[in-house]
Amino acid sequence: MTVVNSAEAILSPEAAIAALSGDDNQIRYYAAWWLGKHQVQAGCAALCDALFDERYRIPSGGYPLRRQAARALGQLKNSQAVPALIAALSCDADLRLREAAIAALATIGDQRAVTPLLHLLQSSHEQPYEALIEALATLQVWSARPQVELFVNHSSERVQCAAARYMYLLTQEPQYIERIVKNLNHDNMYLRWAAVFDLGAVGHEQAVQAILTAQVPNSLKLLNLKRILEALLNTYPSPKETSKLVFQAIDDLLIQL
């Protein structure tokens, strides 16, 4: 019997869409990734269907294909996926699926997601709070301030950073940047990385300086400086000194690569 690997099976958008309804879970997962990676808008409906697929379930109870379909829909940024992603938020059996759906809704940026996300924040059940608070910040849902402010002292450092990021974007108070910067020296590498991404969403001069001195790979520094620069260039009037600083920092890092 000839074994066909995922890469060999998916060579076109049509093949990827067809593979999502096939029997091989590995190929189906790869097809969802492929459609998102290549931003195949024609695959939106098939990915929405995959959000509710019950066939691929791991022993711990999670749904890998459904998670990947949510991530892919976030990459498509297609507002037609919003109703399906909102429906996927009700999956209590897989917290990581809910997390992926929340992140996708934030990326798409459709205001229809606001009310369902607020309901999750107010729920008494466990939630992926980091992704949820980041989504509310991205969607500029500032009415959630009373609830989000409580998470600045959460037991999870990553949730603390997400809450500090939300609060800084709302208030512009530097104390919240300092809460994020504190994690740049954390022993946990992944917390340092998460803090750099939070700073990349803030776009303040202090954030730029903190990113440059952070103990993270230069590739992550470049990625987040690029995010800051894009935000600055979309601001009118753009802060010239900060933009100049970011351009210089990017040039210096590129020389080091």
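**Reading the burial and packing terms**

Author: Setting aside neighbours within four places in sequence, Leu51 has contacts (heavy atoms within 4.5 Å) with Arg66, Ala69, Ala70, Leu73, Ala84, Leu85, Ala88 and Leu97. This is a predicted model, in which local features need pLDDT of at least 70, side-chain atom pairs count only at pLDDT 80 or more, and totals for chains, interfaces and linings use all residues. Residues are numbered from 1 along each chain as its sequence is written, and side-chain values use heavy atoms, without hydrogens and water.

Reader: Why is Ala214 called buried?

Author: The relative accessible area of Ala214 is 7%, and buried means under 20% (1.4 Å probe, protein chains only), so Ala214 is buried.

Reader: Where is Ala214, and what does Ala214 touch?

Author: Ala214 lies in the loop between helix 14 (205-213) and helix 15 (218-233); helices are DSSP runs of H or I, at least four residues, numbered from the N terminus. Beyond residues up to four places away in sequence, Ala214 touches Leu184, Val196 and Lys221.

Reader: What makes the protein as compact as a globular protein of that length?

Author: The protein has 16 helices and 0 strands. Its radius of gyration, taken over C-alpha atoms, is 20 Å, close to the 18 Å from the globule rule for 257 residues, so the protein is as compact as a globular protein of that length. The rule is 2.2 Å times the number of residues to the power 0.38.

Reader: How many of the residues count as buried?

Author: Of the 257 residues, 48% count as buried.

Notes. Helices (H or I, at least four residues) and strands (E, at least two) are DSSP runs, numbered from the N terminus. Buried means under 20% relative accessible area, exposed over 50%, partly exposed in between (1.4 Å probe, protein chains only).
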